[in-house]
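Biologist: Hi! Could you walk me through this structure in plain words?

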Amino acid sequence: MRRAVFLDHDEPAGSSNLGKRRRAVFLDRDGVLNRRRLALVRKPSQLVLLPEAPEAAARLSKAGFALAIVTNQEWVSRGYIARADHDEVMRRVVAALEDAGAKVEGVYAALTPETAKPRPAMLLQAARDLGVDLAASYMVGDNAKDVLAGRAAGCRTVLVDPRLRTAIQGANARADHVCRALPEAADWILSRA
Ligand SMILES: [Mg+2]
């Protein structure tokens with residue numbers, strides 16, 4: 001008996017559609033779009049957007065990059081963050097970006113460790129959903145896990161680090177570019193586009 005092969009969603013390698021695939025910027029959330037808190041962003045009232053982050057996202061969007069948020073939120077499955085609060089924080093982050101003119105095409109939150117960064121699961125899913133060429137795309141994050149996930153997915157990686165403390169981020173965080181925050185990350189990405 002032949003094994004069934006399902007190609008409805010997965011295009012074979014070498015597909016003629018490859019040339020039409022889009023570039024994306026995958027954005028980590030906490031520490032890139034909003035202020036990272038030592039004790040997690042557990043409640044909507046704790047959400048503080050970072051200066052100029054929404055505008056920087058809008059510049060990437062207007063340059064043709066598909067934007068997707070990819071965030072580890074496994075504290076939800078551990079009970080530290082209520083699902084309703086998580087959803088409301090995310091809704092507000094997306095609204096802030098869209099108010100600035102950014103188009104957020106995907107929101108991926110790993111609520112359990114299985115799909116969390118440094119695994120590339122969310123990026124690979126987003127690439128399938130949005131028709132993205134990973135080799136022409138970027139992952140922007142503030143943690144070694146973001147860099148490792150981006151590299152595992154085959155993307156270029158940008159580490160944003162307000163104090164440029166890259167040594168603390170770990171030797172494995174070999175980002176293609178390190179800068180202070182998302183506006184500078186956008187400058188670098190757009191300078192390469
Ligand atoms: Mg982060």
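Modeller: Happy to! One term to begin with: a residue is buried if 20 or more other C-beta atoms lie within 10 Å of its own, exposed if 12 or fewer, and partly exposed in between, with C-beta atoms placed from the backbone. With 15 such neighbours inside 10 Å, Glu52 therefore counts as partly exposed. Bear in mind that this is a predicted model, where local features need pLDDT of at least 70, side-chain atom pairs count only at pLDDT 80 or more, and totals for chains, interfaces and linings use all residues. Residues are numbered from 1 along each chain as its sequence is written.

Biologist: Where does Glu52 lie?

Modeller: Glu52 is in the loop between S1 and H1. Those labels are DSSP runs numbered from the N terminus: helices are H or I with at least four residues, strands are E with at least two. The phi of Glu52 is positive, near 70°, and Glu52 is not a glycine. Most residues other than glycine have a negative phi, and most peptide bonds are trans.

Biologist: Which peptide bond is cis, then?

Modeller: The one that joins Lys117 and Pro118, with omega at about 20°. Pro118 sits in the loop between S3 and helix H3 (121-130).

Biologist: Switching to the sheet: what is the strand order?

Modeller: The order is S3-S2-S1-S4-S5-S6, in an open sheet of six strands with parallel pairing. S3 and strand S6 (177-179) stand at the edges with a single partner strand each, so one side of each has no neighbour in the sheet. From one strand to the next, the twist averages 20°; the axes are lines fitted to C-alpha atoms, for helices over the stretch in contact, and angles run from 0 to 180 degrees between N-to-C directions.

Biologist: How many bridges join S2 to S3?

Modeller: Six, between S2 (residues 66-72) and S3 (residues 104-110), which run parallel. Two strands pair if DSSP finds at least two bridges between them. Ile69 stands opposite Val107 in S3, and Thr71 opposite Ala109.

Biologist: And what do S2 and S3 make with H2?

Modeller: A right-handed β-α-β unit, with H2 covering residues 83-99. Right-handed says that, with the strands pointing away from the viewer, the path from the first strand over the helix to the second runs clockwise.

Biologist: Tell me about S4. Are its residues buried or exposed?

Modeller: They are all buried: Tyr138 and Val140 point one way from S4 (residues 138-141), and Met139 and Gly141 the other way. In a regular strand the side chains alternate between the two faces of the sheet. Tyr138 is also the bridge partner of Val25, while Gly141 has Leu159 in S5 as its partner. The chain crosses from S4 through helix H4 (residues 144-153) to S5, and this crossover is right-handed.

Biologist: Which residues of H1 are buried?

Modeller: Ala53, Pro54, Ala56, Ala57, Leu60 and Ser61. Seen down the axis of H1, they fall within an arc of 160° (taken from the directions from the helix axis to the C-beta atoms), so they line one face of the helix. They pack against S1, S2, H2 and helix H6 (182-192).

Biologist: Last one: what is Leu50 in contact with?

Modeller: Leaving aside neighbours within four places in sequence, Leu50 is in contact with Leu33, Asn34, Arg35, Ala181 and Leu182. Contact here is C-beta atoms, placed from the backbone, lying within 7 Å. Leu50 and Ala181 are 131 residues apart along the chain, with their C-alpha atoms separated by 8.8 Å.

Terms used
Contact = placed C-beta atoms within 7 Å.
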